[in-house]
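Biologist: Hello! Could you show me the structure and walk me through a few of its features?

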Amino acid sequence: MLTLSRSLAALTLGAAITLGALPAQAEFKRFEIDPDHFSVAARIMHAGYYTQTGLFTRGKGSFRYDAESGQLADVVVEIDAKSFFTGHRQRDDHVKGPDFLNSGEFPTITFKMTGYEKTGDNNAKINGDLTIRGQTKPVSVDVILNKAADYPFGHGKYTLGLNGATVFARSDFGMTYALEGGLVADTVALELGFEANLAQ
């Protein structure tokens, strides 16, 4: 379940942003993920009986975006591996422990974008390097840009909102616990969403 976070998160945020239109500007602008509007859900089959869902509740990230050229740069997403939560303390501690995320030794899951491909008016495929448990693998995340506009309340900053999804094998990151007999599935589905604000 641990590897779910990789996607980050972190990660798909950046590419999706290229899909939206920002106020006219000819240079890259920096955006920062709002930690209060950020979530990563990981879903994995348990012993063939049901799909268990867990959440990573803390993370951060940033990227640069040029509206005129539609280019992204410097996309980095970090997820707090110790923030994994299912509402069951024993299970949560197990997932955060050595059998899975090993968050004591590797407290941060990171994603760094390497490229993207626009697949629709508001859709993109973001490629990047995902690092979990100190191991880095390439991943691809399907992203949709939901909205890009001035925030209607609160800070009032120009804000991008998006969702992303990916599927990967936890064994690629050294998480082989309970694979035998399918007690815990190898395939993990990761779903993420966040708002990112134009930085000052």
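**Rings and strands**

Modeller: Gladly, starting with Phe153: its relative accessible area is 55%, so Phe153 is exposed (exposed means over 50%, buried under 20%, partly exposed in between, with a 1.4 Å probe and protein chains only). This is a predicted model, where local features need pLDDT of at least 70, side-chain atom pairs count only at pLDDT 80 or more, and totals for chains, interfaces and linings use all residues. Residues are numbered from 1 along each chain as its sequence is written, and side-chain values use heavy atoms, leaving out hydrogens and water.

Biologist: How many aromatic pairs does the structure hold?

Modeller: Rings of Phe, Tyr and Trp (its six-membered ring) pair if their centres lie within 6.5 Å; planes under 30 degrees apart are stacked, over 60 edge-to-face, the rest tilted. By that rule, the aromatic pairs here number five.

Biologist: Are the rings of Phe31 and Phe63 stacked or edge-to-face?

Modeller: Phe31 lies in strand E1 (residues 29-46) and Phe63 in strand E3 (residues 59-66), 32 residues apart, so the pair links distant parts of the chain. Strands are DSSP runs (E, at least two residues), numbered from the N terminus. Phe31 is buried at 0% relative accessibility, and Phe63 is buried at 0% too. With centres 5.5 Å apart and planes at 10°, the pair is stacked.

Biologist: Which residue in E7 stands opposite Glu117?

Modeller: Strands E6 (residues 108-118) and E7 (residues 123-132) pair in the antiparallel sense over eight bridges; pairing takes at least two bridges found by DSSP. E6 and E7 form a hairpin with four residues between them. Opposite Glu117 stands Lys125.
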